[in-house]
Amino acid sequence: MKKYDIAVIGGGPGGYVAAIKAAQLGAKTVLIEKHKIGGVCLNYGCIPTKTMLRTAKLYEDIQNASHFGIDIDTNTTIKIDWDKLMARKNQVVNQLVGGIGTLLKHNGVDVIKGHADVVVQGKIEVNNEVLTYKHLIIATGSRTFMPHIKGLEEAYSNGTVIDSTGAIHLKEKPDRIVILGGGVVAIEFATLFNALGSDVTLLQRSDEILKFFRL
Ligand SMILES: Cc1cc2nc3c(=O)[nH]c(=O)nc-3n(C[C@H](O)[C@H](O)[C@H](O)COP(=O)(O)OP(=O)(O)OC[C@H]3O[C@@H](n4cnc5c(N)ncnc54)[C@H](O)[C@@H]3O)c2cc1C
């Protein structure tokens, strides 16, 4: 049975940073991740959206090139190549996720791929093996909030409705998209798809978007 000073469950920004720091400070550390190192931020959140937004910004800038003193022949067709956009997004994500893997390795963190269950205080079961820890850091992240709207669960199950993870995996650029919510993630996707030329409708129950920014 392997023994650790610190076990970290979850390989997102919360977990991998804690694991690297713990190892740097001399603790024998294990990080357990059931899906992908990097968590939501690297794989489905911050990084893929910013990579896609970079394309969207460039697309907008090219369309407005004359404002910047660049004349583009009016016969030139400028269009989004969705497959290439997605391929670049995947390449950036893979590169950064790979970088985190290297950092963990170089700092001596043991990484286990599997679903961690705390069976009893001090013991974790993962992949049918048990390891022990003195201290545990739970960094298991969050889930998409599903509002209580009739038919929503069903529509989500059959793929008519997607969440933010679905949005960065779309097979093609949507002609029209309805976005539910007015928080940062909703506004980020509204900005993205609008800049890419989709017809975007944002549904927000209160009278203002991005309420948090008022605080
Ligand atoms: C579209 C989008 C854009 C975003 N953009 C930004 C941004 O620009 N800037 C910013 O600061 N934040 C952004 N965020 C938020 C950011 O992604 C989260 O704040 C961040 O990922 C939280 O990190 P975390 O480590 O707490 O959790 P997560 O990243 O969710 O990681 C948790 C990990 O735990 C793993 N896990 C869960 N249970 C177990 C288990 N039992 N055993 C093993 N592993 C387990 C999961 O597989 C997951 O990999 C964005 C989010 C989204 C959705």
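Predicted model: local features only at pLDDT ≥ 70, side-chain atom pairs only at ≥ 80, totals over all residues.
Local features need pLDDT of at least 70 and side-chain atom pairs count only at pLDDT 80 or more, whereas totals for chains, interfaces and linings use all residues. Residues are numbered from 1 along each chain as its sequence is written, and side-chain values use heavy atoms, with hydrogens and water left out.

**Exercise 1. Determine the strand order of the open sheet and identify its edges.**

Step 1. Strands are DSSP runs of E with at least two residues, and helices are runs of H or I with at least four, numbered from the N terminus. Two strands pair if DSSP finds at least two bridges between them.

Step 2. The order of the six strands is β3-β2-β1-β6-β5-β4, with mixed pairing.

Step 3. β3 (110-113) and β4 (117-120) each have a single partner strand, so they stand at the edges.

**Exercise 2. Describe how β5 is connected to β4 and β6.**

Step 1. β4 and β5 are antiparallel and share three bridges; Val120 has Lys123 as its bridge partner. Their hairpin has two residues between the strands, and Gly122 takes a positive phi near 95°.

Step 2. β5 and β6 (residues 129-138) are also antiparallel, with four bridges, and Glu125 lies opposite Val130. Two residues separate these strands in their hairpin, where Asn127 has a positive phi of about 50°.

Step 3. In a regular strand the side chains alternate between the two faces of the sheet. In β5 (residues 123-126), Ile124 and Val126 make up the covered face, while Lys123 and Glu125 make up the uncovered one.

**Exercise 3. State which helix gives the most to the lining of the second largest pocket.**

Step 1. A pocket is an open set of points on a 1 Å grid over the protein atoms alone, where a 1.4 Å probe fits, with protein on both sides within 12 Å along at least five of seven lines; lining residues have an atom within 4 Å of a point.

Step 2. The lining includes Thr55, Tyr59, Asp81 and Lys84. α3 (46-63) and α4 (82-106) are the elements that give two or more residues.

Step 3. α3 gives the most, with four residues.

Definitions and conventions
Buried < 20%, exposed > 50% of the residue type's maximum accessible area, 1.4 Å probe, protein only.
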